[in-house]
Amino acid sequence: MFLSSIGFSIVIMSIWPYLQKIDQTADASFLGWVIASFSLGQMVASPIFGLWSNYRPRKEPLIVSIFISVAANCLYAYVHVPATHNKYYMLIARALVGFGAGNVAVVRSYIAGATSLQERTGSMANTSTCQALGFILGPVFQTCFVLIGEKGVTWNAIQLQINMYTAPVLLGAFLGILNIILIITVLREHRVTDTGQQCKNTNFEEATTNEAHILQGNIDQVAVVATNILFFVVLFIFALFETILTPLTMDMYGWTQEQAVLYGGIILAALGVEAVAVFMGVKLLSKTIGERAVLLGGLTVVWAGFFILLPWGSQLPKIQWEDLHNNSAPNTTFGEIIIGLWNSPREHHNEPPTGCPIEQAWCLYTPVIHLAQLLTAAALIGIGYPACNVMSYTLYSKIIGPRPQGVYMGWLTASGSGARILGPVFISHVYTYLGPRWAFCLVCGIVILTITLLGVVYKRLIAFSVRHVGIQE
């Protein structure tokens, strides 16, 4: 999970300038498809790899999926070679990287099957910690590769350009190969019951009579669906927060694009460090009060964060009166949501005007969101999101029980991928046309509905073995 998350996050900040360089016909709308293609690929692949892992050794889908990611990264490094349609090759490359990332379902399924009820929360938290560290360090490595420059060096014999855009994906490909080697040499098939007893076979279809006795009883499908919805909302909310951070700071504080990217990156990096601490803390807290209570508390903290973000007072933001295109927030397309993150200062001969664009009518009457509000809200969301994230799929794995969980984990991963697509689209349109007050009010409402759903199914979110066998967690 650590190596895979680095391989993904290491290229994110360079996609837009690289796309502009290789294909002048690419616009913000197409950028949106390039960004979304990763999640779309993962959404499609997750149930497939999950089903595969239920019937075959888990090494097989893991190795194949990582090999696809390696090949896709290599394709990404060569998208400059074709004479035409370069942007479509990049789209295919990112979709294939996302398809390979569908192996997250296999990883979570493996952890669920290889741990007892007492061990699972800690193991899931450790996995999330490794994933979070990868997402933190990826952009750091990307920044280091900027020193290579746009020109870099060219290996003419194989038409390979090694520059600030291709070096990260080549490192990602190398990490993928390293991952394959580790899986072949280190990973072993292992499955235990919820009590920790060793199972002879690793696949449900091969279960012995004694093991099949443990599997008797139906999975609570209501709890399964509810947990999928909870997981979707958790990822939906964080995805929209990441998306809106840059345009919000540009509108509210008059920051330039460079300042918004720099300071926004610092805020997100700080949230990543905070998430690692939370992942470690929830392991201990869940043993005291239980996963359901931690999930409820996390959602409450997230709601408090977005409530604090609501505009109050009478001070209005600085207005951008110039007749400009709105560079701080998108108008119609998903790509324009994030285009400001990649806009190079070389594109502007003069320093662009700053402030809340007059095209957004709400700028004239919506109070400013003070920096202290933003930082407080970010800190609260940084506490609530990781707690909800790890608790939701830990509960999910316990609800499913000792059966191989590949397909179920595949659907959970797919729901998260869908949330990462829909979250930015939702917040971009509401924020652009209605402003932050309506946007964050709606988010608060969504969180309240989610807390209500959790309250309704609270008693059903218990482990399979607790429900059917009477095992105590």
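**Helix packing and burial**

Mentor: Helix α4 passes helix α5 in a left-handed crossing, meaning that the near helix is turned anticlockwise from the far one by less than a right angle. This is a predicted model, in which local features need pLDDT of at least 70, side-chain atom pairs count only at pLDDT 80 or more, and totals for chains, interfaces and linings use all residues. Residues are numbered from 1 along each chain as its sequence is written, and side-chain values use heavy atoms, with hydrogens and water left out.

Trainee: Are α4 and α5 roughly parallel or roughly antiparallel to each other?

Mentor: Helices here are DSSP runs of H or I with at least four residues. α4 (residues 59–77) and α5 (residues 86–100) pack at about 160°, their axes 8 Å apart. Angles over 145 degrees, on a scale from 0 to 180 between N-to-C directions, count as roughly antiparallel; the pair is therefore roughly antiparallel.

Trainee: Which residues of α12 are buried, and why are they said to line one face of the helix?

Mentor: They are Glu291, Val294, Leu295, Gly298, Leu299, Val302, Gly305 and Phe306. Seen down the axis of α12, these buried residues fall within an arc of 135°, so they line one face; the arc is taken over directions from the helix axis to the C-beta atoms.

How values were computed. Buried < 20%, exposed > 50% of the residue type's maximum accessible area, 1.4 Å probe, protein only. Helix = DSSP H or I, 4+ residues; strand = E, 2+ residues; numbered from the N terminus. Parallel < 35°, antiparallel > 145°, perpendicular 65-115°, else oblique.
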